[in-house]
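Subject: Structure handover

Hello,

Here is the structure for you to look through. My notes on what was found follow below it.

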Amino acid sequence: MNSGILRQMRPTFVYALLGIIFMFAAPQVLQLFTIINLTTAIALAVLALSLALIWGYGGILCFGQVAFFGLGAYAYTISAINFGGSTWAILMAVMITSAFAAALGYFIFFGRVSDVYLGVITLTVTLIFFSLIRRTSGPEYKIGNALLGGFNGVSSPPINLPWNPTSFLFPEQVFYVAMAALILCYVFAGWLVNTKFGRVCQAIRENELRAELLGYDTRLYKLGIFTIGAGIAAIGGVLFCNGVGRITPDVFNLYNAALTIIWVIVGGRGTLIGPIGATFALFYLTSALGGQSVLNNNLVLGIILIFFVLLVPKGVAPTIIDWVNARRKKAPGRVRRRRGSRGEGAQ
Amino acid sequence: MTRQRGDVVVETRDLCMHFGGVRAVDQVDFTLFDRELRCLIGPNGAGKSTFFKCLTGQLRPTSGEVLIRGQEMTGAEPFEVASLGVGIKTQVPNVFDGLTAEENIWLSARRWHGDARARALTAETIERLKLGDIRRMLVGRLAHGQRQWVELGMVVAAEPWLVLLDEPAAGMTHEETFRTAELIEEINKTSALIVVEHDMQFIRMISRTVTLFHEGRILMQDTMEAISADKRAREVYLGHRA
């Protein structure tokens, strides 16, 4: 029934197409500095996408999604230094992070840890990484040839062409890679939520007991989407340390952990494009605020969060979708288009 | 599947469920035969729902055994019980509020079948339960009775050979209750059923054999007429109603 999935993924393809246009147009009109900055924003958008997937569709409020992001970045950097090339390092980053998430998730989901404690555990894991890596500044803390560097972090080797370690990509090329990765991850996530697996995950989000009573082993599904989300976050981490040029333990701090949640709240749970858009918007807002000294950056972010929680609790994208749907229904004399046979797919 | 009418499909041996000092279910030996329709009745706190939850894996019994089709299922997870082909409806409607009625039912059918068959089965179930008007509505926006029906639809769509219903008619209108009784009769043509109920009228509509719970134990097991006629049963339960 592939045609059905493709039909439900139509909005996903539309956004992916817009992304492709942006990918090729942006370097033509924007300055290199902006492009380098954009690469970082794209990396963060991949992180937001991963949380949008596991929280918005899997119902798993992971407060430490940034742990997988940072772990991916560190795994990439350390592997790239040791292997002398990025090809296997990228794969290692995704695999190590997913394996770590699978192990952590196994104890959480098969131990039937409740939602609140899941948030606490994942946040704690993030902060443990933060404290642990900050203390690795001596020369004795090295993995292979890579010094961990404590709170100064490690400088990350740039991505090179596959199996050609001497052909480093230039910042503009890294932008293409990042944008392509974001689009691919987005389409993959959009496809995933429309598969049987994705639909069962949404069912579990709605009512875990009912999903169990239908005969689904909810622990396996939750572990699955959690692990996949961690893998996507790791890809974001790889892009991030490429955009910035180094990775420091600050990636694991409380501020970043909370920021990820804010992107998804503002963008809207239950959509994938919303959190991606919110990440870009808030990233540029933060940059703009950084250029002035009248208002404190965190204060503004706090106000935005409170505004959304109180007044737009569903987030931007779902609110717009509801509004459009309501208007479409009201519009007189128009033949109402039939929606996909099983409701709205991924947006 | 070789099943015969006389086969035992559910059996509990010496089943106990204690909460602290409260013996919610106490040494219950229970047997259900294939294609049987059994009602569990009893006053509030008699242990019917606790017994039900022990059968469905929602509670792990303190001691004793639960066997479903001869398989030891004591303390199994709910999905393991459901995976045997058991359809379960809980007391409080357990539905997927954020999904449409159609999606709810599809998720049940899809557990057992490929997508094409699941869709056909979903359409069939919607037709059969007359849910056509609400199929595309979010279940969270439906009235209580309609939600109950969506949940019954989920049970039916899985084509279970054993159906466990906890107060299926609770909160339904008279018309809906009547239709539920009809549906139960229909389900009973192909599957065994255990129905926990309060509504005496409803039980009279569907009942064959009734098991009367009292203080965690089985007090009587007979036809509704016999139970209505029994003095002890009237005292514990029916006295103030019938």
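**Sheets of chain B**

In chain B, strand 7 (residues 162–166) and strand 8 (residues 192–196) pair in the parallel sense over five bridges. Strands here are DSSP runs of E with at least two residues, helices are runs of H or I with at least four, and both are numbered from the N terminus; two strands pair if DSSP finds at least two bridges between them. Across this pair, Asp166(B) stands opposite Val196(B) in strand 8 of chain B.

This is a predicted model, in which local features need pLDDT of at least 70 and side-chain atom pairs count only at pLDDT 80 or more, while totals for chains, interfaces and linings use all residues. Residues are numbered from 1 along each chain as its sequence is written, chains are lettered from A and ligands numbered from 1 in the order in which they are written, and side-chain values use heavy atoms, with hydrogens and water left out.

An open sheet of six strands in chain B has the order 6-7-8-3-9-10, with mixed pairing. Strand 6 and strand 10 (217–223) of chain B are at the edges with a single partner strand each, so one side of each has no neighbour in the sheet.

Helix 1 of chain B lies across strands 3, 6, 7, 8 and 9 of chain B, at about 145° to strand 7 of chain B. Contact means heavy atoms within 4.5 Å; axes are lines fitted to C-alpha atoms, for helices over the stretch in contact, and angles run from 0 to 180 degrees between N-to-C directions.

Four strands of chain B form another open sheet, antiparallel, in the order 2-1-4-5. Here the edges are strand 2 (22–33) and strand 5 (71–72) of chain B, each with a single partner strand, so one side of each is left without a neighbour. Strand 4 (residues 63–68) of chain B is joined to strand 5 of chain B by two bridges, and Ile68(B) has Gln71(B) as its bridge partner.

**Helices of chain A**

Helix 5 (residues 87–110) and helix 6 (residues 115–134) of chain A pack at about 145°, with their axes 11 Å apart. Residues in the contact include Phe100(A) and Leu104(A) of helix 5 of chain A, and Ile121(A) and Phe129(A) of helix 6 of chain A.

Regards
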